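The following report concerns a single protein chain and its computed geometry. Please consult the sequence and the model shown here while reading.

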Amino acid sequence: ILTLCVVANSASEIANSDEKGQQSAQGMRDGDLQLAVIDGPAYILRIKDHKLTTIEGVTNTPSSRMIFSSLDVLGGVLRGEIAAFSAIGSQDIRISG
């Protein structure tokens, strides 16, 4: 659970503070990215004026989603034990938007 929290908050920090992160954020449109684990923790990465804010919870109007089937899949992807593309192909990660 802590891992997803760190990932979500780190994404905002990098996009807002790091030079290359700021360059990436310039290409992002306003909206909410839902980052969640089924039956687990959920975070919203809110993008407004090329700045990201991390909010714990679920949004009813996400512009995009990245949903993991379990904490084990999330952890495996982040540790490099599960290939992200394989997890997408097996629907252990669902991406939309």
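## Helix α3 and residue V73

Neighbours within four places in sequence aside, V73 is in contact with F68, I82, A87, D92 and I93, where contact means heavy atoms within 4.5 Å. V73 belongs to helix α3 (residues 71-79); helices (H or I, at least four residues) and strands (E, at least two) are DSSP runs, numbered from the N terminus. V73 counts as buried at 8% relative accessibility, buried being under 20% relative accessible area, exposed over 50% and partly exposed in between (1.4 Å probe, protein chains only). From V73 to G27 the C-alpha to C-alpha distance is 29 Å, with a separation of 46 residues in sequence.

The model is predicted: local features need pLDDT of at least 70 and side-chain atom pairs count only at pLDDT 80 or more, while totals for chains, interfaces and linings use all residues. Residues are numbered from 1 along each chain as its sequence is written, and side-chain values use heavy atoms, with hydrogens and water left out.

## Strands and hairpins

Strand β2 (42-48) pairs with two strands, β1 and β3; two strands pair if DSSP finds at least two bridges between them.

| Hairpin | Residues between strands | Turn residue and phi |
|---|---|---|
| β1 and β2 | four residues | D39, about 55° |
| β2 and β3 | two residues | D49, about 55° |

The pairing of β1 with β2 is antiparallel over six bridges, and that of β2 with β3 (residues 51-56) is likewise antiparallel over six bridges. Within the latter, Y43 has E56 as its bridge partner in β3. Five of the seven residues of β2 are buried, so this strand is largely enclosed by the rest of the structure.

D32 lies in strand β1 and stands opposite R46 in β2. D32 is buried, with a relative accessible area of 7%. Its side chain makes a polar contact with the side chain of T59 at 3.2 Å; a polar contact is a pair of N or O atoms within 3.5 Å, in which, within protein, one must be able to donate a hydrogen and the other to accept it, and residues adjacent in sequence count only if both atoms are side-chain atoms. Apart from neighbours within four places in sequence, the contacts of D32 include I44, L45, R46 and T61.

T59 is placed in the loop between β3 and β4 (64-68) and is also buried, with a relative accessible area of 11%. A polar atom of the T59 side chain lies 3.2 Å from the backbone nitrogen of T61. With neighbours within four places in sequence left aside, T59 is in contact with D32, Q34 and I44.

## The largest pocket

The largest pocket has a volume of about 190 Å³. On a 1 Å grid over the protein atoms alone, a pocket is an open set of points where a 1.4 Å probe fits, with protein on both sides within 12 Å along at least five of seven lines, and lining residues have an atom within 4 Å of a point. Of the 14 lining residues, M28, R29, L33, I47 and S64 are the closest to the pocket centre. Elements that each supply at least two lining residues include α1 (2-17), α2 (19-25), β1 (31-37) and β2 (42-48).

Technical notes. Points joined across faces, edges and corners; volume = space filled by probe spheres on them.
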